[in-house]
Amino acid sequence: MVSYVVFGRGSFNQLDEILASYRRQDAPMIFLVDHFFSPGSGGDESPFINRIPLRGRDKVVLVDVTYEPKTSYVDKIAEQLKNEFGTVSGIIGIGGGSAMDLAKAVSLMMNNPGSSADYQGWDLVKKPGVYKAGIPTLSGTGAEVSRTTVLTGPTKKLGMNSDFTPFDQIILDPELTANAPANQRFYTGMDCYIHCIESLNGTYLNEFSKSYGEKALQLCQKVFVEKNKWDDESDDQLMMASYAGGMSIAYSQVGIAHAVSYGLSYSLGTKHGIGNCIVFDKLQEYYPEGVHEFKMMVEKNKIEIPQHITKGLTNEQFDTMINVSMGMKPLWENALGTDWEKIMTRDKLRALYELL
Ligand SMILES: NC(=O)c1ccc[n+]([C@@H]2O[C@H](COP(=O)([O-])OP(=O)(O)OC[C@H]3O[C@@H](n4cnc5c(N)ncnc54)[C@H](O)[C@@H]3O)[C@@H](O)[C@H]2O)c1
Ligand SMILES: [Fe+2]
């Protein structure tokens, strides 16, 4: 679990004070900042980047999240930092789920040898990383609390799941999510909604994940079903939903939408939030109530869910997607039980991919 959590509007202003006790001699803090906040490109009048409390040799690295994080990108950033500074005091990720994951992975790769691709899997990371803090600017993925960092590698899309992966500190400041465009906010918010449905309907469920999952689901319903306009309270609620949804899956697992959308993402580069929506839209058979409510939220929030995205793909492309998806064993087992391979055959999965 994350050791230290700060929540509140304006809590970003505590960053300097929070980092002070983790500074090691003159080793710098490195801020991996989502490129959305590049000076001049964000919608913000007073550039957010100027609010980052730089000291000494601290450095801001703007990270390109056009594509979701790749192992090669993580390795490149870690290598550059090692070459430039030898060692650093900490890595601070600021941005959406992609920036969160990059920060977690780079922190680990500052202290573990080889490539991040060597650690894609469960409990393969052997040493703690450097100090790491996460400051989300989009709400939904739960990456701020999870014990994984999802990476696309040379042969698979799979996280570095380990006890060393969670952040040491997170700062949850809902003000930072206020500029997110409605579509992006919905897709990332639905990631959280889908985490809840998959966790609450999974075979791994226990009281821990149920307690968090129910709360997160209730908050998602408040912002996307009950309320008629987006306001500060909505940003507050979705940020807490993301946190609780992440806590819920920390002790259970996600399910079919995630397993299938990982295949899409690997082959077609479909992004996590929208990919989950594309798949979840077609999962009535498995999550009838959740899918019914999801369709209502799509309509109410006037969002378009892309259709026919797998039309015209080759057999080879379908096979790759099926292989990536079938590799997510814990997700399938959570969704369908230990006999999942008898239920979700390759033919059935192919038919599902053809529906998307
Ligand atoms: N580690 C985990 O547990 C976990 C869980 C779920 C998803 N993920 C990962 O999270 C990523 C998806 O994250 P996401 O949905 O947050 O999107 P994202 O981080 O990929 O960002 C999407 C877009 O929004 C922009 N953006 C970020 N903050 C913004 C803001 N405040 N205003 C406007 N634009 C902003 C980004 O620049 C980017 O263009 C995927 O890489 C996925 O694999 C990780
Ligand atoms: Fe997710």
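## The end of helix H11

Helix H11 is followed by Gly337, a residue with a positive phi, near 90°. The model described here is predicted: local features need pLDDT of at least 70 and side-chain atom pairs count only at pLDDT 80 or more, while totals for chains, interfaces and linings use all residues. Residues are numbered from 1 along each chain as its sequence is written, chains are lettered from A and ligands numbered from 1 in the order in which they are written, and side-chain values use heavy atoms, with hydrogens and water left out.

Helices and strands are DSSP runs numbered from the N terminus (helices are H or I with at least four residues, strands are E with at least two). Helix H11 covers residues 329-336, and its buried residues are Leu331, Trp332, Asn334, Ala335 and Leu336. Seen down the axis of H11, these buried residues fall within an arc of 170°, so they line one face of the helix. The arc is that of the directions from the helix axis to the C-beta atoms. Buried means under 20% relative accessible area, exposed means over 50%, and partly exposed is in between (1.4 Å probe, protein chains only).

The buried residues of H11 pack against H4, helix H7 (256-268), helix H10 (315-326), helix H12 (340-343) and helix H13 (346-355). Contact here means heavy atoms within 4.5 Å.

## The surroundings of ligand 1

Ligand 1 is surrounded by 27 residues, and the closest are Asp34, Gly97, Ser98, Ser146 and Thr188. A residue counts as near if one of its heavy atoms lies within 4 Å. By class, this shell holds ten nonpolar, twelve polar and five charged residues. Ala, Val, Leu, Ile, Met, Phe, Trp, Tyr, Cys and Pro count as nonpolar, Asp, Glu, Lys and Arg as charged, and the others, Gly among them, as polar.

A polar backbone atom of Thr148 is 3.1 Å from a nitrogen atom of ligand 1. A polar contact is a pair of N or O atoms within 3.5 Å. On its own, ligand 1 has 870 Å² of accessible area, and the protein covers 92% of that. Accessible areas come from the Shrake-Rupley method with a 1.4 Å probe. Helix H3 (97-109) and helix H4 (182-200) are the elements that give two or more residues to the shell.

## Two buried residues

Thr152 lies in strand E7 (residues 150-152). Thr152 has a relative accessible area of 18%, so this residue is buried. Leaving aside residues up to four places away in sequence, Thr152 touches Pro69, Lys70, Thr71, Gln120, Lys157 and Tyr266.

Gly142 sits in the loop between strand E6 (131-136) and E7. With a relative accessible area of 0%, Gly142 is buried. Not counting residues up to four places away in sequence, Gly142 touches Ser242 and Gly246. From C-alpha to C-alpha, Gly142 and Lys59 are 26 Å apart in space, and they are 83 residues apart in sequence.

Most residues other than glycine have a negative phi. Asp123 has a positive phi, near 60°. Asp123 lies in the loop between strand E5 (121-122) and E6, and is partly exposed, with a relative accessible area of 43%.

His308 also has a positive phi, near 55°. His308 is found in the loop between helix H9 (288-300) and H10. The relative accessible area of His308 is 59%, so this residue is exposed.

Methods: Polar contact = N/O pair within 3.5 Å; in protein donor to acceptor, adjacent residues only side chain to side chain.
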